Amino acid sequence: MKDKVLAGPLGRDLDPFASDRHGLGDALTRRVNADPESVERGLAQLVLTIVELLRQLMERQALRRVDGGSLSDEQVERLGRTFMELDRRMTQLRDEFGLTEEDLNLDLGPLGRLL
Amino acid sequence: MIELLAITDDATPPEPPLVAVRSGGLSALCAPAEDAAVTADTLWRREAMLEELMEDRDLLPVRFGTRVADEAAAARAVAERRTELEAGLERVRGAVELSLRVHAPEPADAPPPEASSGSAYMHAKATRTQAAARLHEPLAGLARASVVRPAPELLRAAYLIEREAIEPFVARVRELQREHPALSLLCTGPWPPYSFAEDPS
């Protein structure tokens, strides 16, 4: 295989990107692993992926409104608290099911591009 | 069973064991289907095949694992989506996909759960979005098309770049890396136009 790196970070330190290699291995084994325990985890993954998609969409919309300057400081504060709490809860649920942030990052085809 | 690798409208025959199944002006480039377990190595082998094919012709990569019974079924699959496939080939003609991933050091790379207030949280998010846009926009300007993907890192994007414009694009990435020494930019390619095989709009 030819070297596919066209431009790398200064000092060519690729460590920050290394976690993906494991992600690929996991994704490949997960596809064929259908025992009852992993079915539950798979379902949780699917549900949390959808929730995460909606959370990101709402957050993006909120950021646009904040940028637009149409919100009062109090409204921004309240929105921020809500999203902060959602973020915290998502992290908790992910941990509970042993899922990583990357696991909720399924390619949803055309839907994925909404983000 | 045969596995579909790519669609092309170029008549150059591929090297055996690959075959070209013609249907109208289009060809499905196919390989004998293997029944081995899917591993990272299988994916790289397929990638190497596609890249070799891509050197001599414009092509649309087919989704991994697309198998049909025989050559007649492959020809039917192509015929059914002729218009869409022809438009797809026009979209990627003469171009390749380059990928960009950007990691930011903590805390910009992580959601800021430790933010002291709701406003600080929103501000941190907005800063992150703007930082991603500052990298993406100048590069998107050099591309025929681009797609930003949801990702935990600061930016994950794919750009459709004319073959002759790869060098200037990579030079711009290097420039952005120098302008933002705290970030890690990784640009890879050239890849088959995976992200642009379907109409991104």
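Colleague: Which residue in E3(B) stands opposite B:Leu4?
Modeller: This is a predicted model, where local features need pLDDT of at least 70, side-chain atom pairs count only at pLDDT 80 or more, and totals for chains, interfaces and linings use all residues. Residues are numbered from 1 along each chain as its sequence is written, while chains are lettered from A and ligands numbered from 1 in the order in which they are written. Strands are DSSP runs of E, at least two residues, and helices are runs of H or I, at least four, both numbered from the N terminus. In E3(B), the residue opposite B:Leu4 is B:Cys30.

Colleague: How many bridges join E1(B) to E3(B)?
Modeller: Two strands pair if DSSP finds at least two bridges between them. E1(B) and E3(B), residues 26–32, run antiparallel, and the bridge count is six.

Colleague: And in E4(B), what is the bridge partner of B:Ala6?
Modeller: E1(B) also runs antiparallel to E4(B), residues 60–61, with two bridges. There, B:Ala6 has as its partner B:Pro61.

Colleague: What about B:Ile2, which residue is its bridge partner in E5(B)?
Modeller: Two bridges again, antiparallel, link E1(B) to E5(B), residues 67–68. For B:Ile2 the partner is B:Val68.

Colleague: How many residues of E1(B) are buried?
Modeller: Buried means 20 or more other C-beta atoms, placed from the backbone, within 10 Å of the residue's own. Across chain B, 35% of the 201 residues are buried. E1(B), residues 2–8, is mostly covered, and of its seven residues the buried ones number six.

Key. A residue is buried if 20 or more other C-beta atoms lie within 10 Å of its own, exposed if 12 or fewer, and partly exposed in between; C-beta atoms are placed from the backbone.
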